[in-house]
Amino acid sequence: MDIILQQVGYSYSKDTPFEKRALEHIDASIQSGSFSAIIGHTGSGKSTLLMHLNGLLKPSEGTVQVGDTFISAGTKVKGLKEIRRHVGIVFQFPEHQLFEETVEKDIMFGPMNFGVPEDEARRRAHELIALLGLPEDVAQKSPFDLSGGQMRRVAIAGVLAFKPSVLVLDEPTAGLDPRGRKEIMELFKQLHEEEKLTTILVTHSMEDAARYAEKIIVMHDGKSVMSGTPYEVFNNEEKMATYNLELPRTIKFQHSIEKQLGRRFTELALTEERLAEMIAQEARDR
């Protein structure tokens, strides 16, 4: 399911003394089946943009196209429920949205709200419990008796349960330690590949954007100021600096090695593993 934004603008409290401009003339496209990242400093408009992707916010100007559905300023939109079935959002700290008595009921809530029969919703819940690496016996436990990492997986299962074709992730690793962050991002990578999802990662982590995304959109002061592959975006250190963004640690380390060697490698290392390979090759060639 392709998502296309054309000249999208948005103002909070529009036409009031408290009006605040949040998005300005956004043109962007996200191809079906792709893994995209939206990056930018705090206040750049990332979170406002993501809430336009399933109609939680409606543009003040311009048009958001989700598949065959258009959400345009000044028009009434039909089929918002269907859009929200196809575009699932995992918000930051999703475990804060848990509310049911048991894990099973919490995961079942979403699909049943979209008309899925109870037996089918229960089957999906148990499939997702296994898929997300949770022990089977958590199904009848209260989600509030689980560890923080398990609670987050249950919340993610609740979004996946209604089988969205687009998965939007708003800072999904917030508050996790390095190990937990890697585990959850590897899980999203697996889901992206196995379920053929269109995945959109909204993140402050340049490392996650470099490692997982095929395309990056850079937001700054409510505008989309850069887009391209991770190589194209992170190869422009000066431009990134003007938007108050640092390069991934791996690339900064690569630049320090290149400075010591007095020459540049032939490519950017977007992951630690790739940089290690390049350093080993350099040692063999000397």
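In which sense, parallel or antiparallel, do β6 and strand β7 pair? They pair in the parallel sense, over four bridges. This is a predicted model, in which local features need pLDDT of at least 70 and side-chain atom pairs count only at pLDDT 80 or more, while totals for chains, interfaces and linings use all residues. Residues are numbered from 1 along each chain as its sequence is written, and side-chain values use heavy atoms, leaving out hydrogens and water.

**View 1. The open sheet of six strands.** The strand order is β6-β7-β8-β3-β9-β10, with mixed pairing; strands (E, at least two residues) and helices (H or I, at least four) are DSSP runs numbered from the N terminus, and two strands pair if DSSP finds at least two bridges between them. β6 (87-90) and β10 (223-228) are the edges; each has a single partner strand, so one side of each lacks a neighbour in the sheet. From one strand to the next the twist averages 20°.

**View 2. β6, β7 (residues 166-170) and helix α5.** Valine 90 stands opposite leucine 169 in β7. Helix α5 (residues 148-160) packs on the sheet and touches β6 and β7, contact meaning heavy atoms within 4.5 Å. The direction of α5 makes about 170° with that of β6 (axes are lines fitted to C-alpha atoms, for helices over the stretch in contact, and angles run from 0 to 180 degrees between N-to-C directions).

**View 3. Helices α3 (residues 103-113) and α4 (residues 118-131).** Their axes come within 8 Å and cross at roughly 125°. Residues of α3 including Ile107 and Met108 meet residues of α4, among them Ala121 and Leu128.
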